[in-house]
Amino acid sequence: MTTITYSLLTAEEAAKGQDELYNVLSACVALGASIGFVSNEPAPMKQFWTGVIASLASGEKRLLVARRQQEIVGTVIVEFCGKPNGSHRAEIAKLLVHPDARRQGIARELLGRAERLAEQEGKTLLVLDTRSGDAAEQLYLAQGWQVCGQIPYFALSTRGEPEATTVMYKQVTAGV
C-alpha cells in the first residue's frame, strides 16, 4: 500500500505545485464534480488556483494537501471569514481527491485535518456546501456535520443543469 502524506502549503509551495493542484481539480471536474466549474477549460481553473495562492499569502486561507509518492492527489481549503461578526467561523472548500486516489480515506483525513486547523486558529463554527445527494454529503454527515437546509437550483452541473446544494455546519471547540 502506498503511503499518503499530508501537509499545509505556504503560498510559495502552492505556486510550485500549481500544475498538480490543477490536475486534481481538472480530474474531479471531468467526472462531473460540482465544485464551481461547468467545464474542464484550463484557464478558469488555473486562475482559481492563482487566486487561492494570493489568499494563502494574505492569510485569508489555508491549503492542506495529500500526496502520494510526492504528487498532490487531494486538497482542502480552510477559508477564514473576514467579516468582524464572523471572526469565529471558517468555510471548508474544495475537498478534492483525484479519482485515481479515491477509496483510501484521503477525503476523511483531509477533512479532519482541516477541522483541527480551524480549531487551532480559534474558530468555533465551520460551514460548507455540497451538491445534494453527492457521496461527499454522506462523508460530512458521518463526520458529525449538521444539515442547515437545501437550496434548489443553486449551481449548474457540468451538463448545464441546475442542481440543489446542501448547506452544512459543524460546531467545534476552539483551541483544542
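Ile72 is buried, its relative accessible area being 2%, where buried stands for under 20% relative accessible area, exposed for over 50% and partly exposed for what lies in between, computed with a 1.4 Å probe on protein chains only. The residue belongs to strand S3, which covers residues 71-80; strands here are DSSP runs of E with at least two residues, helices are runs of H or I with at least four residues, and both are numbered from the N terminus.

When neighbours within four places in sequence are left aside, the residues in contact with Ile72 include Leu9, Gly17, Glu20, Leu21 and Val24, as well as Val65, Ala66 and Arg67, contact meaning heavy atoms within 4.5 Å. With Leu21, the C-alpha to C-alpha distance from Ile72 is 6.7 Å, although 51 residues separate the two in sequence.

## Basis of the model

The structure is a predicted model, in which local features need pLDDT of at least 70 and side-chain atom pairs count only at pLDDT 80 or more, while totals for chains, interfaces and linings use all residues. Residues are numbered from 1 along each chain as its sequence is written, and side-chain values use heavy atoms, with hydrogens and water left out.

## Overall fold and dimensions

The chain contains five helices and seven strands, and along the sequence these elements follow the order β-α-α-α-β-β-β-α-β-α-β-β. The radius of gyration of the chain is 15 Å, which agrees with the value near 16 Å that a compact globule of 176 residues would have; this radius is taken over C-alpha atoms, and the globule rule is 2.2 Å times the number of residues to the power 0.38. Along the principal axes, the C-alpha atoms fill a box of roughly 35 × 35 × 35 Å.

Of the 176 residues, 41% count as buried, and among contacts with a separation of 6 or more, 60% come from residues 24 or more positions apart. A UniProt record, an unreviewed entry, places the feature "domain: N-acetyltransferase" at residues 4-173; such annotations may be inferred rather than shown by experiment, and the positions are given in the numbering used here, with feature names shortened. Over residues 4-173 the chain is 35% helix and 36% strand, with the end C-alpha atoms 27 Å apart.

Ser58 lies in helix H3, which spans residues 42-58, and counts as partly exposed at 46% relative accessibility.

Between Gly59 and Leu25, which are 34 residues apart in sequence, the C-alpha to C-alpha distance is 22 Å.

## Two residues with positive phi

Most residues other than glycine have a negative phi. Arg103, although not a glycine, has a positive phi of about 70°; Arg103 sits in the loop between strand S4 (89-97) and helix H4 (106-120), where it is exposed with a relative accessible area of 85%.

Tyr153 is also not a glycine and has a positive phi of about 55°. This tyrosine lies within strand S6, residues 146-156, and counts as exposed at 66% relative accessibility.
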